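Here's a quick briefing to read alongside the model. Have the structure open and follow along by topic.

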Amino acid sequence: MLKKNLLPPIVISLLIVQSHLSFASASVEKVAKLGNELTCVGAISAGNSAGTIPAYSGKWLGKPPGVEYELSVGQHLVDPYADDKPVYTIDGKNWKEYATQLTVGQKAMFEQYPDTFKMPVYTGRRDFRYPDASCEVVKRNAVEAKLVDDGLGFTGYQGGVPFPIPDMNQPLQALANNNYAYRAYTFDTTRDIADVSSDGVIAWGRTRSYGIFTGTVPEQLGESLGKVQAYGIAINILPTRTKGSATVVSEPNNYAQGKRLAWNYNPGTRRVRQLPEYGFDTPLSASSGKLTIDSDRLMNGSPERYNWTLGERKEIFIPVNTYKVNKGDVKYDSLLQVNHANPEYMRYELRRVWVLEGKLKEDYRHKYGRRTMYLDEDNWHAIVADYYDTRDELVQHAFVNYYYAFDTQAFEPGSSFYHDLTSGGYVGYNLFQEQDKGPVLNKGNFTSSNFTPAALRRLSH
(Lines give C-alpha, C1' and ligand atoms only; values in the text may rest on other atoms or scores of the structure.)
Protein backbone atom coordinates (compact mmCIF):
# COMPACT_ATOMS: atom_id res chain seq x y z
CA MET A 1 0.00 0.00 0.00
CA LEU A 2 1.43 3.36 -0.98
CA LYS A 3 1.40 6.00 1.73
CA LYS A 4 -0.52 9.20 1.12
CA ASN A 5 1.41 11.62 3.32
CA LEU A 6 3.39 14.31 1.54
CA LEU A 7 7.01 15.13 2.24
CA PRO A 8 7.84 18.65 3.40
CA PRO A 9 8.58 21.07 0.53
CA ILE A 10 12.13 21.15 -0.75
CA VAL A 11 13.87 24.38 0.24
CA ILE A 12 16.17 25.77 -2.42
CA SER A 13 18.27 28.80 -1.72
CA LEU A 14 20.02 31.02 -4.21
CA LEU A 15 23.35 29.65 -3.02
CA ILE A 16 22.27 26.12 -3.91
CA VAL A 17 21.11 27.34 -7.30
CA GLN A 18 24.45 29.00 -7.94
CA SER A 19 26.41 25.92 -6.84
CA HIS A 20 24.79 23.86 -9.59
CA LEU A 21 25.19 26.24 -12.50
CA SER A 22 27.44 23.83 -14.36
CA PHE A 23 24.45 21.49 -14.74
CA ALA A 24 21.87 24.20 -15.15
CA SER A 25 18.97 23.93 -17.59
CA ALA A 26 18.17 27.57 -16.90
CA SER A 27 20.02 30.57 -15.52
CA VAL A 28 19.61 31.85 -11.97
CA GLU A 29 17.75 34.88 -13.32
CA LYS A 30 15.27 32.73 -15.21
CA VAL A 31 14.73 30.30 -12.34
CA ALA A 32 13.97 33.23 -10.04
CA LYS A 33 10.96 34.00 -12.26
CA LEU A 34 9.26 30.73 -11.36
CA GLY A 35 6.39 31.47 -9.04
CA ASN A 36 6.49 35.14 -10.05
CA GLU A 37 6.52 36.28 -13.66
CA LEU A 38 6.19 32.61 -14.54
CA THR A 39 4.02 30.03 -12.81
CA CYS A 40 5.80 27.21 -11.04
CA VAL A 41 5.81 25.13 -14.25
CA GLY A 42 7.02 27.97 -16.47
CA ALA A 43 3.79 29.39 -17.92
CA ILE A 44 3.56 33.16 -18.36
CA SER A 45 1.62 34.41 -15.33
CA ALA A 46 0.26 37.52 -17.04
CA GLY A 47 -2.62 37.47 -19.45
CA ASN A 48 -2.21 38.59 -23.03
CA SER A 49 -2.41 42.19 -24.17
CA ALA A 50 -5.80 41.70 -25.82
CA GLY A 51 -7.33 40.43 -22.58
CA THR A 52 -8.46 37.21 -24.26
CA ILE A 53 -6.12 35.10 -22.13
CA PRO A 54 -6.51 35.85 -18.41
CA ALA A 55 -3.77 36.24 -15.85
CA TYR A 56 -3.01 33.13 -13.84
CA SER A 57 -4.74 33.19 -10.45
CA GLY A 58 -3.92 29.73 -9.07
CA LYS A 59 -6.48 30.44 -6.35
CA TRP A 60 -7.57 26.82 -5.97
CA LEU A 61 -5.51 23.85 -4.82
CA GLY A 62 -7.55 20.67 -5.08
CA LYS A 63 -11.26 20.87 -4.41
CA PRO A 64 -12.65 24.43 -4.72
CA PRO A 65 -14.67 25.87 -1.82
CA GLY A 66 -18.30 24.78 -1.84
CA VAL A 67 -17.77 21.77 -4.12
CA GLU A 68 -19.08 18.48 -2.74
CA TYR A 69 -16.70 15.81 -3.90
CA GLU A 70 -15.27 12.72 -2.18
CA LEU A 71 -11.64 12.15 -3.07
CA SER A 72 -10.15 8.94 -4.51
CA VAL A 73 -13.34 6.87 -4.70
CA GLY A 74 -14.25 7.33 -8.37
CA GLN A 75 -16.93 9.98 -7.93
CA HIS A 76 -17.89 11.43 -11.27
CA LEU A 77 -16.72 14.96 -11.97
CA VAL A 78 -18.27 18.07 -10.50
CA ASP A 79 -18.03 21.16 -12.72
CA PRO A 80 -16.90 24.28 -10.81
CA TYR A 81 -17.72 26.33 -13.92
CA ALA A 82 -21.19 24.93 -14.54
CA ASP A 83 -22.72 28.41 -14.81
CA ASP A 84 -20.32 29.55 -17.56
CA LYS A 85 -21.75 30.08 -21.03
CA PRO A 86 -19.90 30.31 -24.36
CA VAL A 87 -18.82 33.84 -25.24
CA TYR A 88 -18.96 32.96 -28.94
CA THR A 89 -18.79 29.92 -31.18
CA ILE A 90 -16.38 29.27 -34.03
CA ASP A 91 -18.14 27.40 -36.82
CA GLY A 92 -18.06 26.64 -40.52
CA LYS A 93 -19.08 30.19 -41.41
CA ASN A 94 -16.68 32.29 -39.34
CA TRP A 95 -13.64 30.08 -38.69
CA LYS A 96 -11.44 31.97 -41.15
CA GLU A 97 -11.71 35.04 -38.89
CA TYR A 98 -9.82 33.01 -36.25
CA ALA A 99 -7.50 31.14 -38.62
CA THR A 100 -4.28 32.40 -37.01
CA GLN A 101 -5.36 30.82 -33.71
CA LEU A 102 -6.38 27.44 -35.11
CA THR A 103 -4.26 24.39 -35.85
CA VAL A 104 -4.08 22.89 -39.33
CA GLY A 105 -6.21 19.99 -38.15
CA GLN A 106 -8.87 22.26 -36.67
CA LYS A 107 -9.11 24.13 -39.95
CA ALA A 108 -9.46 20.81 -41.77
CA MET A 109 -12.35 19.85 -39.48
CA PHE A 110 -14.19 23.07 -40.37
CA GLU A 111 -13.56 22.52 -44.07
CA GLN A 112 -14.67 18.88 -43.95
CA TYR A 113 -17.69 19.35 -41.67
CA PRO A 114 -18.76 23.00 -42.18
CA ASP A 115 -22.35 22.47 -41.07
CA THR A 116 -21.73 20.50 -37.88
CA PHE A 117 -18.25 21.03 -36.43
CA LYS A 118 -18.11 23.88 -33.93
CA MET A 119 -15.86 25.17 -31.17
CA PRO A 120 -17.71 26.88 -28.30
CA VAL A 121 -15.29 29.42 -26.81
CA TYR A 122 -15.54 30.27 -23.11
CA THR A 123 -14.03 32.92 -20.87
CA GLY A 124 -10.56 31.75 -19.89
CA ARG A 125 -10.04 30.33 -16.39
CA ARG A 126 -6.59 29.75 -14.90
CA ASP A 127 -7.60 29.09 -11.33
CA PHE A 128 -5.98 25.77 -10.36
CA ARG A 129 -2.47 25.23 -9.09
CA TYR A 130 -0.06 22.43 -8.28
CA PRO A 131 1.02 21.50 -4.72
CA ASP A 132 3.88 23.49 -3.23
CA ALA A 133 5.93 20.29 -2.82
CA SER A 134 5.79 19.71 -6.58
CA CYS A 135 6.65 23.33 -7.35
CA GLU A 136 9.77 23.12 -5.19
CA VAL A 137 10.86 20.00 -7.09
CA VAL A 138 10.32 21.85 -10.37
CA LYS A 139 12.59 24.69 -9.20
CA ARG A 140 15.30 22.20 -8.38
CA ASN A 141 14.84 20.46 -11.72
CA ALA A 142 15.07 23.81 -13.51
CA VAL A 143 18.62 24.10 -12.21
CA GLU A 144 19.87 20.53 -12.23
CA ALA A 145 17.90 18.41 -14.70
CA LYS A 146 19.51 17.67 -18.04
CA LEU A 147 18.93 15.47 -21.04
CA VAL A 148 21.18 12.44 -21.44
CA ASP A 149 21.75 9.78 -24.08
CA ASP A 150 20.78 12.03 -26.99
CA GLY A 151 17.55 12.99 -25.27
CA LEU A 152 16.31 9.45 -24.69
CA GLY A 153 16.59 10.03 -20.96
CA PHE A 154 17.10 12.78 -18.45
CA THR A 155 18.38 13.30 -14.94
CA GLY A 156 16.43 15.12 -12.29
CA TYR A 157 14.07 14.67 -9.40
CA GLN A 158 10.69 13.04 -8.97
CA GLY A 159 7.64 15.19 -8.45
CA GLY A 160 7.37 17.69 -11.29
CA VAL A 161 8.35 18.60 -14.82
CA PRO A 162 12.12 18.57 -15.40
CA PHE A 163 12.41 21.57 -17.73
CA PRO A 164 9.97 24.38 -16.86
CA ILE A 165 12.09 26.84 -18.88
CA PRO A 166 13.03 24.76 -21.92
CA ASP A 167 15.99 25.37 -24.18
CA MET A 168 14.56 25.94 -27.66
CA ASN A 169 17.54 24.06 -29.09
CA GLN A 170 16.68 20.98 -27.02
CA PRO A 171 13.10 20.14 -28.05
CA LEU A 172 13.14 16.83 -26.21
CA GLN A 173 13.04 18.85 -23.00
CA ALA A 174 9.45 19.76 -23.90
CA LEU A 175 8.60 16.14 -24.66
CA ALA A 176 10.10 15.10 -21.33
CA ASN A 177 7.79 17.61 -19.66
CA ASN A 178 4.80 16.10 -21.42
CA ASN A 179 5.77 12.61 -20.32
CA TYR A 180 6.63 13.63 -16.78
CA ALA A 181 3.95 16.19 -15.94
CA TYR A 182 2.67 15.95 -12.37
CA ARG A 183 -0.35 13.64 -12.28
CA ALA A 184 -2.00 10.75 -10.42
CA TYR A 185 0.41 8.31 -8.81
CA THR A 186 -2.18 5.53 -8.92
CA PHE A 187 -5.14 5.26 -11.27
CA ASP A 188 -7.89 2.73 -11.95
CA THR A 189 -10.37 3.37 -14.76
CA THR A 190 -12.88 1.29 -16.67
CA ARG A 191 -13.06 3.09 -19.97
CA ASP A 192 -15.10 2.69 -23.11
CA ILE A 193 -13.75 3.04 -26.64
CA ALA A 194 -16.19 4.02 -29.38
CA ASP A 195 -15.04 3.37 -32.95
CA VAL A 196 -17.53 5.50 -34.89
CA SER A 197 -17.76 4.86 -38.63
CA SER A 198 -18.43 7.61 -41.18
CA ASP A 199 -22.14 6.70 -41.15
CA GLY A 200 -22.40 6.69 -37.37
CA VAL A 201 -22.24 2.96 -36.65
CA ILE A 202 -20.36 2.31 -33.40
CA ALA A 203 -18.14 -0.65 -32.61
CA TRP A 204 -17.47 -0.79 -28.88
CA GLY A 205 -14.42 -1.64 -26.87
CA ARG A 206 -13.93 -1.57 -23.11
CA THR A 207 -10.90 -2.03 -20.89
CA ARG A 208 -10.07 -1.78 -17.24
CA SER A 209 -6.76 0.06 -16.96
CA TYR A 210 -4.85 0.63 -13.76
CA GLY A 211 -1.31 1.51 -12.82
CA ILE A 212 1.31 3.55 -11.03
CA PHE A 213 3.17 6.66 -12.14
CA THR A 214 6.33 6.54 -10.05
CA GLY A 215 7.16 10.20 -10.55
CA THR A 216 4.52 11.38 -8.09
CA VAL A 217 4.51 8.69 -5.40
CA PRO A 218 4.16 10.98 -2.34
CA GLU A 219 6.94 9.57 -0.18
CA GLN A 220 9.35 9.72 -3.11
CA LEU A 221 8.89 13.37 -4.08
CA GLY A 222 12.27 15.03 -4.43
CA GLU A 223 14.20 11.78 -4.80
CA SER A 224 16.49 11.23 -7.78
CA LEU A 225 14.81 9.82 -10.83
CA GLY A 226 14.60 6.03 -10.76
CA LYS A 227 14.77 3.50 -13.58
CA VAL A 228 11.03 2.93 -13.98
CA GLN A 229 8.64 5.69 -15.00
CA ALA A 230 5.37 3.78 -14.78
CA TYR A 231 3.63 0.43 -14.45
CA GLY A 232 0.32 -0.37 -16.05
CA ILE A 233 -2.10 -3.11 -16.94
CA ALA A 234 -5.02 -3.17 -19.38
CA ILE A 235 -7.65 -5.92 -19.19
CA ASN A 236 -9.96 -6.26 -22.18
CA ILE A 237 -13.69 -6.51 -21.52
CA LEU A 238 -15.05 -5.67 -24.98
CA PRO A 239 -15.22 -6.68 -27.75
CA THR A 240 -16.23 -10.20 -26.71
CA ARG A 241 -13.58 -11.86 -28.88
CA THR A 242 -10.81 -10.29 -26.81
CA LYS A 243 -12.48 -10.55 -23.39
CA GLY A 244 -10.07 -11.64 -20.68
CA SER A 245 -6.90 -10.86 -22.58
CA ALA A 246 -4.59 -8.51 -20.73
CA THR A 247 -1.28 -6.72 -21.12
CA VAL A 248 1.06 -5.55 -18.38
CA VAL A 249 3.68 -2.89 -19.11
CA SER A 250 6.76 -1.46 -17.43
CA GLU A 251 7.93 1.92 -18.78
CA PRO A 252 11.55 3.09 -18.38
CA ASN A 253 12.69 6.61 -17.65
CA ASN A 254 15.63 6.26 -20.04
CA TYR A 255 14.93 4.61 -23.40
CA ALA A 256 18.64 4.25 -24.17
CA GLN A 257 19.24 2.17 -21.05
CA GLY A 258 16.06 0.14 -21.19
CA LYS A 259 12.97 -0.35 -23.32
CA ARG A 260 9.28 -0.65 -22.62
CA LEU A 261 8.64 -4.19 -21.42
CA ALA A 262 5.27 -5.84 -21.98
CA TRP A 263 3.69 -9.23 -21.40
CA ASN A 264 0.35 -10.45 -22.73
CA TYR A 265 -2.05 -12.98 -21.23
CA ASN A 266 -4.15 -14.99 -23.73
CA PRO A 267 -7.24 -16.55 -22.12
CA GLY A 268 -7.54 -19.06 -24.97
CA THR A 269 -4.16 -20.63 -24.32
CA ARG A 270 -4.02 -19.48 -20.66
CA ARG A 271 -0.43 -18.52 -21.28
CA VAL A 272 1.62 -15.40 -20.67
CA ARG A 273 4.24 -14.38 -23.20
CA GLN A 274 6.56 -11.42 -23.46
CA LEU A 275 5.87 -9.18 -26.43
CA PRO A 276 8.87 -8.42 -28.65
CA GLU A 277 7.66 -4.83 -29.07
CA TYR A 278 4.80 -2.86 -27.59
CA GLY A 279 4.51 0.73 -28.69
CA PHE A 280 5.16 3.03 -31.63
CA ASP A 281 2.54 2.43 -34.35
CA THR A 282 1.20 -0.87 -33.05
CA PRO A 283 -2.60 -0.47 -33.35
CA LEU A 284 -4.46 0.17 -30.12
CA SER A 285 -7.07 -2.45 -29.30
CA ALA A 286 -10.66 -1.73 -30.44
CA SER A 287 -9.68 1.34 -32.48
CA SER A 288 -9.59 -0.24 -35.95
CA GLY A 289 -6.10 1.13 -36.36
CA LYS A 290 -7.19 4.76 -35.84
CA LEU A 291 -5.08 4.90 -32.66
CA THR A 292 -1.56 3.70 -32.24
CA ILE A 293 -0.06 2.67 -28.92
CA ASP A 294 2.06 5.82 -28.91
CA SER A 295 -0.83 8.19 -29.67
CA ASP A 296 -2.49 7.57 -26.30
CA ARG A 297 -2.21 11.00 -24.62
CA LEU A 298 -1.15 12.08 -28.15
CA MET A 299 2.45 10.95 -27.61
CA ASN A 300 4.05 8.45 -25.27
CA GLY A 301 7.06 6.16 -25.24
CA SER A 302 10.43 6.50 -26.88
CA PRO A 303 10.99 9.55 -29.13
CA GLU A 304 13.77 7.79 -31.03
CA ARG A 305 12.07 7.48 -34.42
CA TYR A 306 11.59 11.22 -34.93
CA ASN A 307 13.62 14.37 -35.32
CA TRP A 308 12.04 16.96 -33.06
CA THR A 309 11.71 20.74 -33.19
CA LEU A 310 10.21 23.15 -30.65
CA GLY A 311 8.50 26.32 -31.79
CA GLU A 312 7.88 29.48 -29.79
CA ARG A 313 4.72 29.81 -27.74
CA LYS A 314 1.65 30.83 -29.69
CA GLU A 315 -2.01 31.44 -28.94
CA ILE A 316 -4.35 28.62 -29.96
CA PHE A 317 -7.88 27.58 -29.08
CA ILE A 318 -7.70 24.31 -27.14
CA PRO A 319 -10.04 22.26 -24.92
CA VAL A 320 -9.58 23.42 -21.30
CA ASN A 321 -11.51 22.94 -18.05
CA THR A 322 -13.49 20.21 -19.76
CA TYR A 323 -15.70 19.06 -16.91
CA LYS A 324 -18.86 19.28 -19.00
CA VAL A 325 -17.94 16.56 -21.49
CA ASN A 326 -16.50 14.25 -18.83
CA LYS A 327 -19.38 14.33 -16.33
CA GLY A 328 -21.38 11.27 -15.35
CA ASP A 329 -24.66 12.66 -16.69
CA VAL A 330 -23.41 12.64 -20.28
CA LYS A 331 -25.03 9.92 -22.40
CA TYR A 332 -23.14 8.35 -25.28
CA ASP A 333 -26.18 8.54 -27.56
CA SER A 334 -26.06 12.31 -27.24
CA LEU A 335 -22.28 12.70 -27.24
CA LEU A 336 -21.28 10.47 -30.15
CA GLN A 337 -22.59 11.95 -33.37
CA VAL A 338 -21.62 11.29 -36.98
CA ASN A 339 -18.09 12.49 -37.95
CA HIS A 340 -17.29 14.05 -34.55
CA ALA A 341 -18.54 14.37 -31.00
CA ASN A 342 -21.39 16.72 -30.14
CA PRO A 343 -19.89 20.23 -29.90
CA GLU A 344 -22.42 21.22 -27.24
CA TYR A 345 -20.34 19.30 -24.67
CA MET A 346 -17.04 20.94 -25.59
CA ARG A 347 -15.28 23.84 -23.93
CA TYR A 348 -12.51 25.71 -25.74
CA GLU A 349 -10.43 28.57 -24.37
CA LEU A 350 -7.68 30.62 -25.95
CA ARG A 351 -4.37 29.52 -24.43
CA ARG A 352 -0.66 29.87 -25.00
CA VAL A 353 0.81 26.61 -26.17
CA TRP A 354 4.21 25.22 -27.04
CA VAL A 355 4.36 23.74 -30.55
CA LEU A 356 6.35 20.50 -30.61
CA GLU A 357 6.83 18.66 -33.88
CA GLY A 358 8.39 15.34 -34.78
CA LYS A 359 9.39 14.30 -38.30
CA LEU A 360 10.10 10.66 -39.02
CA LYS A 361 13.78 9.90 -39.44
CA GLU A 362 15.06 8.32 -42.62
CA ASP A 363 15.23 4.52 -42.42
CA TYR A 364 12.69 4.46 -39.58
CA ARG A 365 9.17 3.11 -39.86
CA HIS A 366 5.98 4.58 -38.46
CA LYS A 367 2.42 5.15 -39.63
CA TYR A 368 2.85 8.89 -39.04
CA GLY A 369 5.53 10.69 -40.98
CA ARG A 370 4.96 13.87 -38.99
CA ARG A 371 3.16 14.72 -35.78
CA THR A 372 2.54 18.25 -34.52
CA MET A 373 1.51 18.64 -30.89
CA TYR A 374 0.27 21.64 -28.95
CA LEU A 375 1.27 21.62 -25.29
CA ASP A 376 -0.67 23.76 -22.83
CA GLU A 377 1.83 26.09 -21.15
CA ASP A 378 -0.07 25.79 -17.85
CA ASN A 379 0.56 22.05 -17.44
CA TRP A 380 2.80 20.80 -20.29
CA HIS A 381 0.26 18.22 -21.45
CA ALA A 382 -0.20 17.73 -25.18
CA ILE A 383 -3.82 18.80 -25.70
CA VAL A 384 -4.16 18.85 -29.49
CA ALA A 385 -2.27 16.97 -32.19
CA ASP A 386 -2.30 16.83 -35.98
CA TYR A 387 -0.89 13.72 -37.63
CA TYR A 388 0.47 13.35 -41.17
CA ASP A 389 1.19 10.24 -43.20
CA THR A 390 4.56 9.45 -44.78
CA ARG A 391 3.58 11.50 -47.85
CA ASP A 392 3.13 14.48 -45.49
CA GLU A 393 -0.63 14.63 -46.00
CA LEU A 394 -2.79 15.48 -42.99
CA VAL A 395 -4.69 12.34 -42.00
CA GLN A 396 -5.82 12.82 -38.39
CA HIS A 397 -6.81 15.53 -35.93
CA ALA A 398 -6.96 14.59 -32.26
CA PHE A 399 -7.48 16.24 -28.90
CA VAL A 400 -7.66 15.25 -25.25
CA ASN A 401 -10.15 16.84 -22.87
CA TYR A 402 -7.98 17.41 -19.82
CA TYR A 403 -9.50 18.54 -16.53
CA TYR A 404 -8.08 19.45 -13.12
CA ALA A 405 -8.74 16.50 -10.79
CA PHE A 406 -9.42 17.45 -7.19
CA ASP A 407 -8.06 14.05 -6.08
CA THR A 408 -4.62 14.58 -7.59
CA GLN A 409 -4.30 18.38 -7.51
CA ALA A 410 -3.21 18.00 -11.11
CA PHE A 411 -4.54 17.82 -14.66
CA GLU A 412 -5.78 14.42 -15.84
CA PRO A 413 -6.78 13.14 -19.30
CA GLY A 414 -10.48 12.74 -19.97
CA SER A 415 -12.39 11.80 -23.10
CA SER A 416 -10.21 11.96 -26.21
CA PHE A 417 -11.24 12.13 -29.84
CA TYR A 418 -9.20 10.99 -32.85
CA HIS A 419 -10.61 12.00 -36.23
CA ASP A 420 -9.67 10.06 -39.35
CA LEU A 421 -9.83 12.78 -41.99
CA THR A 422 -9.58 10.22 -44.77
CA SER A 423 -12.51 7.95 -43.88
CA GLY A 424 -14.69 10.40 -41.95
CA GLY A 425 -14.79 8.12 -38.93
CA TYR A 426 -13.39 8.81 -35.48
CA VAL A 427 -12.67 7.19 -32.16
CA GLY A 428 -13.96 8.34 -28.79
CA TYR A 429 -11.34 7.09 -26.35
CA ASN A 430 -11.12 7.02 -22.56
CA LEU A 431 -14.87 7.45 -22.19
CA PHE A 432 -16.13 6.79 -18.65
CA GLN A 433 -19.30 8.87 -18.48
CA GLU A 434 -21.68 5.89 -18.41
CA GLN A 435 -19.59 3.79 -16.07
CA ASP A 436 -20.71 3.37 -12.47
CA LYS A 437 -17.50 5.05 -11.38
CA GLY A 438 -15.22 7.64 -12.85
CA PRO A 439 -11.43 7.31 -12.60
CA VAL A 440 -10.24 6.25 -9.13
CA LEU A 441 -7.19 8.45 -8.63
CA ASN A 442 -4.53 8.49 -5.89
CA LYS A 443 -6.12 5.74 -3.84
CA GLY A 444 -2.63 4.37 -3.30
CA ASN A 445 -3.74 0.75 -3.55
CA PHE A 446 -1.11 -0.66 -5.93
CA THR A 447 2.55 -1.64 -5.69
CA SER A 448 5.01 -2.77 -8.36
CA SER A 449 4.15 -6.40 -7.49
CA ASN A 450 0.77 -5.87 -9.16
CA PHE A 451 2.50 -5.42 -12.52
CA THR A 452 4.55 -8.54 -13.18
CA PRO A 453 4.11 -11.59 -15.45
CA ALA A 454 3.15 -13.53 -12.32
CA ALA A 455 0.43 -11.00 -11.54
CA LEU A 456 -0.83 -11.39 -15.09
CA ARG A 457 -1.07 -15.16 -14.63
CA ARG A 458 -3.12 -14.68 -11.48
CA LEU A 459 -5.80 -12.96 -13.54
CA SER A 460 -6.77 -16.38 -14.92
CA HIS A 461 -7.71 -17.66 -11.47
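A residue counts as buried when its relative accessible area is under 20%. By that cut-off, Cys40 and Cys135 are both buried. Keep in mind that this is a predicted model, with an average pLDDT of 94 over the protein chain.

**Confidence**

- Of the residues in the chain, 94% score a pLDDT of at least 70.

**The disulfide**

- Searching the whole structure turns up one disulfide, and Cys40 and Cys135 are the partners, with an S to S distance of 2.2 Å.
- The link between Cys40 and Cys135 is left-handed, at -65° about the S-S bond.
- Cys40 sits in the loop between α2 (28-31) and β1 (88-90) while Cys135 belongs to helix α4 (residues 132-144), so the bond ties together parts 95 residues apart in sequence.

- β13 (residues 370-376) is mostly covered, with seven of its seven residues buried.
- Side chains in a regular strand alternate between the two faces of the sheet.
- In β13, Arg370, Thr372, Tyr374 and Asp376 point one way, and Arg371, Met373 and Leu375 the other.
- On one pairing, β13 runs antiparallel to strand β12 (residues 348-360) over seven bridges, and Val355 stands opposite Tyr374.
- β13 also pairs antiparallel with strand β14 (residues 382-388), through six bridges; here Arg370 stands opposite Tyr388.
- β13 and β14 make a hairpin with five residues between them, and Trp380 in the turn has a positive phi of about 75°.

**Nonpolar cores**

- The largest nonpolar core has 92 residues, and Ile90, Leu298, Phe317, Leu335, Met373 and Phe417 are the ones touching the most other members.
- Strand β15 (residues 394-405) supplies the largest share of this core, with eight residues.
- Another core lies apart from that one; its 15 residues include Ile212, Ile233, Phe446 and Phe451.
- Beyond its neighbours within four places in sequence, Leu335 has contacts that include Val325, Val330, Tyr345, Phe417 and Leu431.

- Asn300 lies in the loop between β10 (271-274) and β11 (306-319).
- Is Asn300 buried or exposed? Asn300 is buried, because its relative accessible area is 14%, and the cut-off for buried is under 20%.
- The Asn300 side chain makes a polar contact of 2.7 Å with the side chain of Arg260, and it also reaches the backbone oxygen of Asp296 at 3.0 Å.
- Leaving out residues up to four places away in sequence, Asn300 touches Asn179, Arg260, Ile293, Asp294 and Ser295.
- One of those residues touched by Asn300, Asn179, is among the buried residues of α5.
- Helix α5 (residues 172-179) is mostly covered, and eight of its eight residues are buried; they include Leu172, Leu175, Asn177 and Asn178.

Notes
Residues numbered from 1 in each chain as written. Predicted model: local features only at pLDDT ≥ 70, side-chain atom pairs only at ≥ 80, totals over all residues. Heavy atoms only, no water. Helix = DSSP H or I, 4+ residues; strand = E, 2+ residues; numbered from the N terminus. Buried < 20%, exposed > 50% of the residue type's maximum accessible area, 1.4 Å probe, protein only. Polar contact = N/O pair within 3.5 Å; in protein donor to acceptor, adjacent residues only side chain to side chain. Contact = heavy atoms within 4.5 Å. pLDDT = per-residue confidence, 0-100. Pairing = 2+ DSSP bridges. Core = buried A, V, L, I, M, F, W, Y, C linked by side-chain atoms within 4.5 Å. Disulfide = S-S within 2.5 Å.
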